[in-house]
Amino acid sequence: MSVSILPLFAKSATIGAAALQLACTCATPSTKVAAVETVKVSGQAQHGVASIYTDRRTASGERFHSGAMAAAHRSLPLGSRVKVTHLGTNKSIVVRINDRGPYIRGRIIDLTPAAAAKLGFGYRQGLAKVKIERVAPEATGG
């Protein structure tokens, strides 16, 4: 009997630990955005959750600047530019991808504090539902 209960207990403990870790890393009491399990991709646009990141060396080798209009994305080429639209406020900005991440499931982009502020969310909100679209280099002057 204890042999059949042990795998069930181990599985539920693993799920519980994962849920606790997710809750501790991405939710604050004022957060109104639920974590998205998968990224929806339609053509050139991705819909999902954006978060804010700070203070670390970037994957491109650049020094992190919290005031820059920059972001981290898992797969877009470093140096590419994307238009990020906050789906709650409909504000948009163009940021340059200079880092890799986010590494938390359900998030599609990490923004610098300055980029998040221009979109209308900050540390207090923590997360925002966004749409990201790749921008052609000639459209940004770069």
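1. Is Thr85 buried or exposed? Thr85 counts as buried, at 6% relative accessibility (buried is under 20% relative accessible area, exposed over 50%, partly exposed in between, with a 1.4 Å probe and protein chains only).

2. Quick ground rules: this is a predicted model, where local features need pLDDT of at least 70, side-chain atom pairs count only at pLDDT 80 or more, and totals for chains, interfaces and linings use all residues. Residues are numbered from 1 along each chain as its sequence is written, and side-chain values use heavy atoms, with hydrogens and water left out.

3. Back to Thr85, which sits in strand 4 (strands are DSSP runs of E, at least two residues, and helices are runs of H or I, at least four, numbered from the N terminus). Leaving out residues up to four places away in sequence, Thr85 touches Asn90, Lys91, Ser92, Lys129, Val130, Lys131 and Glu133 (contact means heavy atoms within 4.5 Å).

4. Now the core. The largest nonpolar core has 19 residues, and Val82, Val84 and Phe121 are among those with the most contacts inside it (such a core is a set of buried Ala, Val, Leu, Ile, Met, Phe, Trp, Tyr and Cys residues joined through side-chain atoms within 4.5 Å). Contributors of at least two residues each include strand 2, strand 4 and helix 2 (113-119).

5. Phe121 is worth a click: beyond its neighbours within four places in sequence, its contacts include Ala50, Ile52, His86 and Leu111.
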